Amino acid sequence: MSNVLSKEKRVQIVRCLVEGNSIRATSRITGCCKEAIMKLLCALGPACLAYQDKALRELPCKRIQADEAWAFCFKKEGHLRPGEKANGWGDVWTWTALDPDTKLCVCWHVGLREPSDAVVFMENLASRVLGRVQISTDGLAVYQPAIESAFGSEVDYGQVIKVFGTPFEGSRMEARYSPAKCTDVRYESLLGHPDPAAICTSHNERSNLTLRMQIRRFTRLTNAFSKKMENHAYAVNLHMMNYNFCRVHQTIRCTPAMEAGVADHVWELSEVVSLLDQLQSPVG
């Protein structure tokens with residue numbers, strides 16, 4: 001093991017990554033080469049996913065908010081040439097399911113924004129929660145059939161439908177980078193008998209803002225975007241481990257994992273790095 005990074009150096013690298021630094025910035029801060037940082041990420045990402053896949057089970061969630069966060073891999077969708085989509089390039093969507101009571105991100109899925117992705121995502125969610133749950137989403141059409149397929153009749157489901165007006169009034173550049181004004185919000189009950197007052201996606205939207213701020217690959221208008229879909233997913237896995245188990249949430253004064261009863265203490269990043277030893281994955 002003399003040729004591998006020390007545990008202290010691994011922790012330093014992980015700390016840089018989960019605080020929103022790019023690979024190059026992490027290399028400058030830690031003095032480690034980009035190849036070693038990427039090798040660590042590619043080993044630790046699957047380890048974080050494997051641990052949470054086992055730990056986040058039989059959750060007594062009463063409400064779930066689902067949403068999707070956009071990013072892109074190598075090229076934006078509109079810039080792709082014929083045949084390049086097969087390389088995994090273009091738009092990448094991270095589907096997230098948040099328990100607004102515990103702030104726990106119950107599950108996530110990195111892929112496209114297709115019906116098949118919605119099915120995989122919702123089947124994953126259904127395998128983790130106990131009993132009947134109320135789900136809230138935005139108005140994306142693929143959600144309802146995926147939820148029906150995964151939960152059957154044992155679910156209450158409502159949508160938040162936002163109506164947007166014209167883009168921001170001003171210069172052409174302002175209109176390009178400013179969101180359109182939301183002119184109306186409707187709440188619709190689609191399956192079961194959801195509580196109208198609990199149909200909401202705001203908590204998940206705020207959680208996705210944290211995801212965008214703390215994973216450099218999600219930052220808009222930079223060159224830090226992912227070049228490979230696999231590496232993008234590894235970065236999301238690491239972020240979720242830090243968010244669920246290490247980062248104290250300001251609202252609940254503990255970590256989401258502690259609030260949900262799947263952890264009994266605030267994890268240190270050294271414990272996250274130790275997950276590599278459980279998989280026996282040496283990292284250079």
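Trainee: Are phenylalanine 72 and phenylalanine 225 buried or exposed?
Mentor: Both are buried, meaning under 20% relative accessible area with a 1.4 Å probe and protein chains only; over 50% is exposed, and in between is partly exposed. This is a predicted model, where local features need pLDDT of at least 70, side-chain atom pairs count only at pLDDT 80 or more, and totals for chains, interfaces and linings use all residues. Residues are numbered from 1 along each chain as its sequence is written, and side-chain values use heavy atoms, without hydrogens and water.

Trainee: How many aromatic pairs are in the whole structure?
Mentor: Eight. Rings of Phe, Tyr and Trp (its six-membered ring) pair if their centres lie within 6.5 Å; planes under 30 degrees apart are stacked, over 60 edge-to-face, the rest tilted. Phenylalanine 72 and phenylalanine 225 make a tilted pair, 4.8 Å centre to centre with 35 degrees between the planes.

Trainee: What charged end sits over the ring of phenylalanine 225?
Mentor: That of lysine 227, 4.3 Å from the ring centre. The rule is NZ of Lys or CZ of Arg within 6 Å of the ring centre and within 35 degrees of the ring normal.

Trainee: New topic: why does glutamate 84 count as buried?
Mentor: Because its relative accessibility is 13%.

Trainee: And what is glutamate 84 in contact with?
Mentor: Leaving aside neighbours within four places in sequence, glutamate 84 is in contact with Lys75, His79 and Trp89, where contact means heavy atoms within 4.5 Å.

Trainee: How far is glutamate 84 from leucine 40?
Mentor: Their C-alpha atoms are separated by 28 Å, and the two are 44 residues apart along the chain.
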